[in-house]
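Open the model in your viewer and keep the selection tool ready. The stops below go from charged pairs to rings, then to a loop and a surface patch.

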Amino acid sequence: VLEKGVHTFNEWALAIERWVEDPPDDYLQFIPLWIRISNIPMNYYTEEAIMALGDLVGEVKEIIFDPEKPQTQPYERVQVKFNVANPLRMSKIVKIKGGKSVTIHFNYERIQKRCFTCHRLNHEQSICPLVVKRRKEEALARRHKVSKELELKKLVLEEDDPLFGVLKDDQVG
């Protein structure tokens with residue numbers, strides 16, 4: 001069960017490990033994750049290149065690649081030991097020979113829900129700390145703007161007002 005890969009509940013990824021009496025500091029921090037790496041240039045279909053691309057996401061545990069067999073899929077599969085504290089990498093721009101750059105794409109198998117702002121697996125976008133912080137800052141800026149507008153708009157009685165002379169300026173508001 002533990003080697004099957006990512007386990008999910010209600011479309012959320014679960015970090016599961018065998019129970020130990022005295023868990024280490026990194027207990028439940030890693031999950032085995034299968035990645036589909038696509039858009040690899042043909043000249044770079046080597047085990048070393050695919051392994052290096054997998055290392056960008058996590059520690060490579062297994063690679064499904066046989067240079068003797070024909071390429072039938074537009075991707076290569078790699079299993080990594082992924083640290084759930086890190087965000088998912090969706091792509092990476094890689095420089096190749098000749099000064100050209102190629103965008104390599106990473107697709108994660110059995111990962112359904114994640115935050116689409118910070119790409120972490122432990123919350124949805126609506127409660128992302130980055131989104132919440134931005135909303136608070138925007139609300140504070142709106143409140144500050146409204147208070148400045150109210151401050152600039154002084155409420156005083158004009159001479160043609162029927163209450164002019166009856167009320168003082170500090171009583172108007």
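Which side chain meets that of arginine 36 in a salt bridge? Select glutamate 109: its side chain and that of arginine 36 pair at 2.8 Å, N to O. This is a predicted model. The two partners come from distant parts of the chain, with arginine 36 in strand β3 (residues 30-38) and glutamate 109 in the loop between β7 and α2, 73 residues apart.

Now colour the pair by accessibility. Arginine 36 has a relative accessible area of 30% and is therefore partly exposed. Glutamate 109, at 15%, counts as buried because the limit for that class is under 20%.

Through shared partners, salt bridges join Arg36, Arg77 and Glu109 into one network. Arginine 77 is partly exposed, at 26% relative accessibility.

Stay on arginine 77 and show tryptophan 34. The charged end of arginine 77 sits over the tryptophan 34 ring, 4.3 Å from the ring centre. For another case, select lysine 81 and phenylalanine 30: the charged end of lysine 81 is over the phenylalanine 30 ring, 4.7 Å from its centre.

Go next to glutamate 59 and lysine 61. Their side chains meet in a salt bridge of 3.0 Å, N to O. Glutamate 59 is partly exposed, with a relative accessible area of 43%. A search of the whole structure gives five salt bridges, including the one between glutamate 59 and lysine 61.

Move to histidine 123, in the loop between β7 (101-108) and α2 (129-152). Is histidine 123 buried or exposed? Its relative accessible area is 9%, so histidine 123 is buried. Show asparagine 122 as well: the side chains of histidine 123 and asparagine 122 make a polar contact at 2.7 Å.

Key. Residues numbered from 1 in each chain as written. Predicted model: local features only at pLDDT ≥ 70, side-chain atom pairs only at ≥ 80, totals over all residues. Heavy atoms only, no water. Lys NZ or Arg CZ within 6 Å of the ring centre and 35° of its normal. Helix = DSSP H or I, 4+ residues; strand = E, 2+ residues; numbered from the N terminus. Buried < 20%, exposed > 50% of the residue type's maximum accessible area, 1.4 Å probe, protein only. Polar contact = N/O pair within 3.5 Å; in protein donor to acceptor, adjacent residues only side chain to side chain. Salt bridge = Lys/Arg side-chain N within 4 Å of Asp/Glu carboxyl O.
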